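Trainee: I have this model open and would like to talk through its inside with you. Could you take me through it step by step?

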Amino acid sequence: ILNCKGFGIPDNGETDFQKRVALTFDDGPRHSHDAAIYDILDAKGIRATFFFLGEQVQANPTTALTAVNRGHEVGYHSWDHKNLRAESRETVAEDFRRGMGAFTALGLQPAFFRPPFGNYNAGILEEAAAYGLTTVNWTNDSLDWQIKEPDSIVQRVLSLSAPGDIVLLHSIHERTVEALPAIIN
């Protein structure tokens, strides 16, 4: 997927579709930040995609289910955020088995997979496809894992923003929560 058409934003014939971007959040659900992000998105009438780690889904099932119950999409982001590209095919298969098991135990069937660090190879893509997952990376990296100031995160996202972007954010940082309203506006 090269842009947000067909990912997170329905193309229902609206003429302003080209002005839209998809907001995505990685690495949850594990912090109260997820709940704060859900509240901000709800207040703004926005739906997003959350790429959750299997171990965190297992540890925080209520937070994972809340995302779905509030109308957001959830995707798979590996069991524990290791660089799957550096792992054997057997380790990759075990990661998907274990991680997707955490989702299915809650009755969730993600449609999308985002590899940690954006790193993938043919084996990872094949494993994702075996679970019916479409692999999705991003086109606009907020660098919120590195940039400490919320205003700087906002400036980075907006300066890189283009119609159809998929914006990468992380729900584990307070600064991301603080930057989100301005990004949406």
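**Inside the model**

Mentor: Phe52 is buried, with a relative accessible area of 0%, where buried means under 20% relative accessible area, exposed over 50% and partly exposed in between, using a 1.4 Å probe and protein chains only. This is a predicted model, in which local features need pLDDT of at least 70 and side-chain atom pairs count only at pLDDT 80 or more, while totals for chains, interfaces and linings use all residues. Residues are numbered from 1 along each chain as its sequence is written, and side-chain values use heavy atoms, with hydrogens and water left out.

Trainee: Okay, and is Phe50 buried or exposed?

Mentor: Phe50 is buried, with a relative accessible area of 0%.

Trainee: How are the rings of Phe50 and Phe52 placed?

Mentor: Their centres are 5.9 Å apart and their planes stand at 35 degrees, so the pair is tilted; rings of Phe, Tyr and Trp (its six-membered ring) pair if their centres lie within 6.5 Å, and planes under 30 degrees apart count as stacked, over 60 as edge-to-face and the rest as tilted.

Trainee: Which residues of the largest nonpolar core touch the most other members?

Mentor: Of its 37 residues, those are Leu23, Phe25, Phe50, Phe52 and Phe96, a nonpolar core being a set of buried Ala, Val, Leu, Ile, Met, Phe, Trp, Tyr and Cys residues joined through side-chain atoms within 4.5 Å. The largest share of this core, five residues, comes from helix α4 (residues 89-104), where helices (H or I, at least four residues) and strands (E, at least two) are DSSP runs numbered from the N terminus.

Trainee: Switching to charges, what does Arg114 pair with?

Mentor: Arg114 meets Asp26 in a salt bridge, at 2.8 Å from N to O, and the term stands for a side-chain nitrogen of Lys or Arg within 4 Å of a carboxyl oxygen of Asp or Glu. Arg114 lies in the loop between β4 (112-113) and α5 (122-130) and Asp26 in strand β1 (residues 22-26), so the pair ties together parts that are 88 residues apart in sequence.

Trainee: Are those two buried or exposed?

Mentor: Arg114 is buried at a relative accessible area of 0%, and Asp26 also counts as buried, at 2% relative accessibility.

Trainee: How exposed are Arg70 and Asp39, by relative accessible area?

Mentor: Arg70 counts as partly exposed at 28% relative accessibility, and Asp39 is partly exposed at 43%. Arg70 forms a salt bridge with Asp39, with the closest N and O atoms 2.7 Å apart.
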